[in-house]
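The tour goes from the nonpolar cores to the salt bridges and then to the cavities.

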Amino acid sequence: HVFPRTQNEKPRSPTEHLMQWLNTSYVSTADAWPDMHAGAITEGLRPFLWLYRTGVHETDMVAQKMCTASGAERIVLERAQPFSKAARLAHQKCTYAIAESGQRGSRDRADIDRHLAWANAMMRVLGMIEDAPKPTAAPGTILTSLTFEYAPFDGIWRPANAFEHVTKGDILGTCCRMDGTGDQTIRASNNGEALWWKETMAMRKGDILCTTGRP
C-alpha cells in the first residue's frame, strides 16, 4: 500500500502497480482520497475514521476539520510514516483518509449510511457541497497512538469473547501451534479502545490479532 520509494524503483505488487497508475492518472489533480473499508469475513471491527498528520499544511488542515465535521464516534489521528500512502499523497496536496465501517463482510444499512455521511463530510470540508446533512453527533474520541498485537507463530487462534475497552494485561485470546503445542496467552500491551481484531481460528505468524488505539 505504498508508492515506490524513488522514481526509479519499480512497483513490486499488484497493489503498488495500481497505486502507481492512480498516482500518475488521477492523484495529481485530486484534493482527497477517501478509502472506504469494511471488516473482512475474518474480522471484527468498531467503526472509526483514520486520518493523518503529515506536516503538509493543506492536508493537515483538511484532516483537522474532518475531526469535527465527520461526526465519527472514534477517530484515529496519527503521524504518517515516511513513504506511506498518506505521506506520498500529502506531498501532492491530496488528503488520505480511511473510513472503517462494517465487520465480518457485512453490508448493513447503518454501515453504508456511516460511509455516506463521512463522504459527505469530506465534500463539505473541501467546499464541494453545501447542503448535505450535517452530523448531529458531537466530535468523537481522538486516538493518536495505535498498538498492534501480532501472532507469534503459525497456528490456531482462540480470541476472547468480547473486545471493547482494553486494559493493559487483559487477555485478548490464546493460541497454539497446529500440533497443539506452544500454548500462549496474548495480553494487551497497553490500555486502549479495540478497533479491529481477528475472529477466525487460523493464524499465520505476523497476523494482526488485535489493534487498539489510545489518546
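**Nonpolar cores**

Select Trp 33, Trp 50, Tyr 52, Val 76, Tyr 96 and Leu 195: of the 19 residues in the largest nonpolar core, these touch the most other members. A nonpolar core here is a set of buried Ala, Val, Leu, Ile, Met, Phe, Trp, Tyr and Cys residues joined through side-chain atoms within 4.5 Å. Buried means under 20% relative accessible area, exposed over 50%, and partly exposed in between, with a 1.4 Å probe and protein chains only.

Now colour strand S3 (48-53), helix H3 (85-90), strand S5 (95-100) and strand S12 (192-198), the elements that give two or more residues to this core. Helices (H or I, at least four residues) and strands (E, at least two) are DSSP runs numbered from the N terminus. Another core, of 17 residues, lies apart from the largest one; among its members are Ala 32, Ala 63, Cys 67 and Trp 118.

The model is predicted: local features need pLDDT of at least 70 and side-chain atom pairs count only at pLDDT 80 or more, while totals for chains, interfaces and linings use all residues. Residues are numbered from 1 along each chain as its sequence is written, and side-chain values use heavy atoms, with hydrogens and water left out.

**Salt bridges**

How many salt bridges are there by this rule? The count is eight, a salt bridge being a side-chain nitrogen of Lys or Arg within 4 Å of a carboxyl oxygen of Asp or Glu.

Select Asp 35 and Lys 85, whose side chains form a salt bridge at 3.6 Å, N to O. Asp 35 lies in strand S1 (residues 32-37) and Lys 85 in helix H3, so the pair ties together parts that are 50 residues apart in sequence. Asp 35 counts as buried at 16% relative accessibility, and Lys 85 counts as buried at 8%.

Next, select Arg 74 and Glu 73, a salt bridge in which the closest N and O atoms are 3.3 Å apart.

Then go to helix H4 (residues 109-125), which holds both Arg 114 and Asp 111, three residues apart, about one turn of the helix. The closest N and O atoms of their salt bridge are 2.9 Å apart. Arg 114 is partly exposed, with a relative accessible area of 26%; Asp 111 is buried, at 11%. Elsewhere, select Arg 46, Glu 164 and Glu 193, which salt bridges with shared partners join into one network.

**Cavities**

The structure holds two cavities of 30 Å³ or more. On a 1 Å grid over the protein atoms alone, a cavity is a set of points where a 1.4 Å probe fits but cannot get out, and lining residues have an atom within 4 Å of a point. Grid points are joined across faces, edges and corners, and a volume is the space filled by probe spheres set on the points.

The largest cavity has a volume of about 60 Å³. Select its lining: Pro 34, Asp 35, Met 36, Leu 49, Met 66, Ala 97, Ala 99, Trp 118, Ala 119 and Met 122. S1, S5 and H4 each give two or more residues to this lining.

The second largest cavity contains about 40 Å³ of space. Its lining residues include Tyr 52, Thr 59, Asp 60, Ala 63 and Tyr 96. H2 gives the most to this lining, with three residues.

How values were computed:
On a 1 Å grid over the protein atoms alone, a cavity is a set of points where a 1.4 Å probe fits but cannot get out, and a pocket is an open set with protein on both sides within 12 Å along at least five of seven lines; lining residues have an atom within 4 Å of a point.
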